[in-house]
Protein chains: 2
Amino acid sequence: LGVPLHNKNEVLIVDIEKLLEERSKEIDSVLEKWVPKSYDNLSMETAFGKARYAYSTPAANKAIAEPIWDLLSRGGKRWRPALMMLICEALGGDPVKHKDWVAIPELVHNGTLMVDDVEDNSELRRGQPCTHKKYGVDIAINAGNAMYYLPLQVILKSELPESTLIGAYEIYSQEMINISMGQGMDIAWHRGIADSDNLGENEYLQMCAFKTGTLARMAAKLGALLANSDESTIEKMGEFAEAVGIGFQIQDDVLNLTATSGKNHFVKDYIGEDIHEGKRTLLVIHTLSKASPEDRARLLEILKMHTWDRALIDEAIALIKKYDSIEYAKGKAKEIVSNAWAKAEPTLKEGTAKETLKAFVDFAIGRQY
Amino acid sequence: LGVPLHNKNEVLIVDIEKLLEERSKEIDSVLEKWVPKSYDNLSMETAFGKARYAYSTPAANKAIAEPIWDLLSRGGKRWRPALMMLICEALGGDPVKHKDWVAIPELVHNGTLMVDDVEDNSELRRGQPCTHKKYGVDIAINAGNAMYYLPLQVILKSELPESTLIGAYEIYSQEMINISMGQGMDIAWHRGIADSDNLGENEYLQMCAFKTGTLARMAAKLGALLANSDESTIEKMGEFAEAVGIGFQIQDDVLNLTATSGKNHFVKDYIGEDIHEGKRTLLVIHTLSKASPEDRARLLEILKMHTWDRALIDEAIALIKKYDSIEYAKGKAKEIVSNAWAKAEPTLKEGTAKETLKAFVDFAIGRQY
């Protein structure tokens, strides 16, 4: 999991793509340690303790292992593990020694995808039918929730000092509390039950900080904790990663309306799906604040239709573009991420990990898929 | 939250009902401390930290506080908090000092109800439309999940020694891992995707130990931990409570097929709903193992129909009764709970808390609602 050396002037988006690709196999082998592709009695005892009565591995596999690995095997960028290990290394820690810990943010992240897809009634995820379409709503919700808890085995079985473990539990707990709130806000707004027509940019960014920022923050704080950093450094790394998460989210929202190509499973499954869902993204909020009364009313009208009509969705996208909201959102993402980097940067020791983090920051706001 | 005195010979089911009723208001005021009925900026800061940008209390209330309290206000027995505090007291601890901790098993329990109702596509809960019917699937899943995490604030804000807090996090983590597995097994079986036709009693009881036993075990272990018990005592209390949970589950399954009356919100919402869902309860497993080939085939046939037809459901119930499965299940519940009590009892100090626990045990297996 070492950082590949590269010429400083070539620290470009492509480096990070390559880095993520190179690391993904090793990350997957860590994930498999905590959620096997198939349970046997031994792996059930390891995860759940000795059976009081008797285990049923077929049920465990059908309801847990199979749907979880069906999703994990579809890929995903695995950027949270990379962020965690880079931060650990750039703070003087040993990321290889602690590599098991990447399972926490990565499994939780995939769990949220599985559960959010049920909540949004989505069709496709990474180019294939969503877990609930393939396995049923009950299995998807439960397996998604299992992914929130199974990685806690990493902490349960760790032999690190108690103070580190307490720190890890605290980071996990607070971030899981926050993510529930972030998702709740997002739902309330795109369902139109909490005055989303007048939603301010700061309230939106707070939701992002909770929803997308949370798991990045969890990853970064764990990385800093494992490098034995003090509380203020851990907090600073959390803030930095939260900003990167917000940048990712804004870029995701931009790509949702604009992506026309991309690497197979990274390409968005339906251009403008966010319009169908009525999502109040930064793009929408900015447009609503700048648009003429007629354009504003029309955009709101389309968002509330929850339509799949191509012409209507394209009309909404055109309105968003008319008020330069895509440029605005990109600029905002850049501003948030650059400021956060400027604050975090002095704490990180010089070296390839820090340089890679810098490239990572550029990647977060510049990626095209 | 003291235990009401009563004549030893009158330790009957009615005492426990009264005890639970008396305590429920105080328990609800504890729950409200960790999930307010309505968020304001101050309670949001307490729960989620200072806003990086700005909070939106309307969204928090619509998506989190309102649906959660809509369910909590419908009642429920609140027996896990009572069990936790009785065990704490019977082991020499001070349940009043630690009363905040009852929020953990009780909020998690209600969260599982909200989420399970989505998974089972249920209609009614405590006499009213399920949360997902009233607020939507997205809000129900997310608010249910929030109930898994919001009570972790109790540990985050506790000033007890680190070793106690680590113990609490470990109990929570392991039990949440287990409950995901228990629910997964249950789903795999009643969906008929994991050879449930030949399901053995021990595999079934293991699922119960995970699914219904888990939160009872969490409550009991936390109660013992808060009484500063050693690890083996904590474990023993967990085993005891798990057995009580299994007893409760079996009695629930019996009542699902037999209850004809009960106190308004306790009465089962639809007699035989488990048949509709195709659930492999101990009653069904026992019947399948004893029935003639014809009766076995017919029961399996009806279970797989997922029917609401009254005549078919009654036919299935009649088959279950024909093979004395209701008496068998009641006997099994009694055996499991009595054995567990015999093992736990010597560790508990004499007094009203212990006597009440004994009555509680009788209640678990004898209750009619």
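## How the two chains meet

The copies meet through the same surface, because 100% of the interface residues of chain B are also interface residues in chain A. Contact here means heavy atoms within 4.5 Å. Chain B gives 69 residues to the contact, and chain A gives 69 residues.

This is a predicted model, in which local features need pLDDT of at least 70, side-chain atom pairs count only at pLDDT 80 or more, and totals for chains, interfaces and linings use all residues. Residues are numbered from 1 along each chain as its sequence is written, chains are lettered from A and ligands numbered from 1 in the order in which they are written, and side-chain values use heavy atoms, with hydrogens and water left out.

## Symmetry

Chain B is superposed on chain A by a rotation of 180° with 0.0 Å of shift along the axis, and the RMSD is 0.0 Å. That is the relation of a two-fold axis. The superposition is by least squares on the C-alpha atoms of residues with pLDDT of at least 70 in both copies. Among the residues of chain B, B:Ile166 comes closest to the rotation axis, with its C-alpha at 3.0 Å.

## Area and make-up of the interface

The size of an interface is often given as the accessible area lost when the parts come together. Between them, chain B and chain A bury about 6,000 Å², and 65% of it is on carbon and sulfur atoms. B:Arg52, B:Tyr53 and B:Tyr149 supply 13% of the area that chain B buries against chain A, more than any other three residues. Buried area is the accessible area (1.4 Å probe) that two parts lose on being put together, summed over both.

There are 22 residue pairs in polar contact between chain B and chain A, both residues being at pLDDT 80 or more. Several helices of chain B each supply at least two residues of the side that touches chain A, including helix 2 (41–48), helix 7 (137–149) and helix 12 (231–258). Helix 9 of chain B gives the largest share of that side, 20 residues. The residues of that side divide into 43 nonpolar, 14 polar and twelve charged. In this grouping Ala, Val, Leu, Ile, Met, Phe, Trp, Tyr, Cys and Pro count as nonpolar, Asp, Glu, Lys and Arg as charged, and the others, Gly among them, as polar. A polar contact is a pair of N or O atoms within 3.5 Å; within protein, one must be able to donate a hydrogen and the other to accept it, and residues adjacent in sequence count only if both atoms are side-chain atoms. Helices (H or I, at least four residues) and strands (E, at least two) are DSSP runs, numbered from the N terminus.

## Salt bridges between the chains

Side chains of opposite charge can pair when their charged atoms come close. A salt bridge is a side-chain nitrogen of Lys or Arg within 4 Å of a carboxyl oxygen of Asp or Glu. By this rule there are 65 salt bridges over all chains, and six salt bridges between chain B and chain A.

A:Arg52 and B:Glu242 form a salt bridge through their side chains, 2.7 Å from N to O. Another joins B:Arg52 to A:Glu239 at 3.5 Å, N to O. This pair crosses between chains, from the loop between helix 2 and helix 3 of chain B, where B:Arg52 lies, to helix 12 (residues 231–258) of chain A, which holds A:Glu239. B:Arg52 counts as partly exposed, at 35% relative accessibility, and A:Glu239 counts as partly exposed at 27%. Buried means under 20% relative accessible area, exposed over 50%, and partly exposed in between (1.4 Å probe, protein chains only).

## Salt bridges within a chain

In chain B, the side chains of B:Arg217 and B:Glu242 meet in a salt bridge, 2.3 Å from N to O. B:Arg217 lies in helix 11 (residues 213–226) and B:Glu242 in helix 12 of chain B, so the pair ties together parts that are 25 residues apart in sequence. B:Arg217 is buried, with a relative accessible area of 5%, and B:Glu242 is buried, with 2%. Salt bridges that share partners join residues of both chains into one network, among them A:Arg52, B:Glu175, B:Arg217 and B:Glu242.

In chain A, the closest N and O atoms of the salt bridge between A:Glu175 and A:Arg217 are 2.5 Å apart. A:Glu175 is in helix 9 (residues 162–190) and A:Arg217 in helix 11 (residues 213–226) of chain A, so the pair ties together parts 42 residues apart in sequence. Both A:Glu175 and A:Arg217 are buried.
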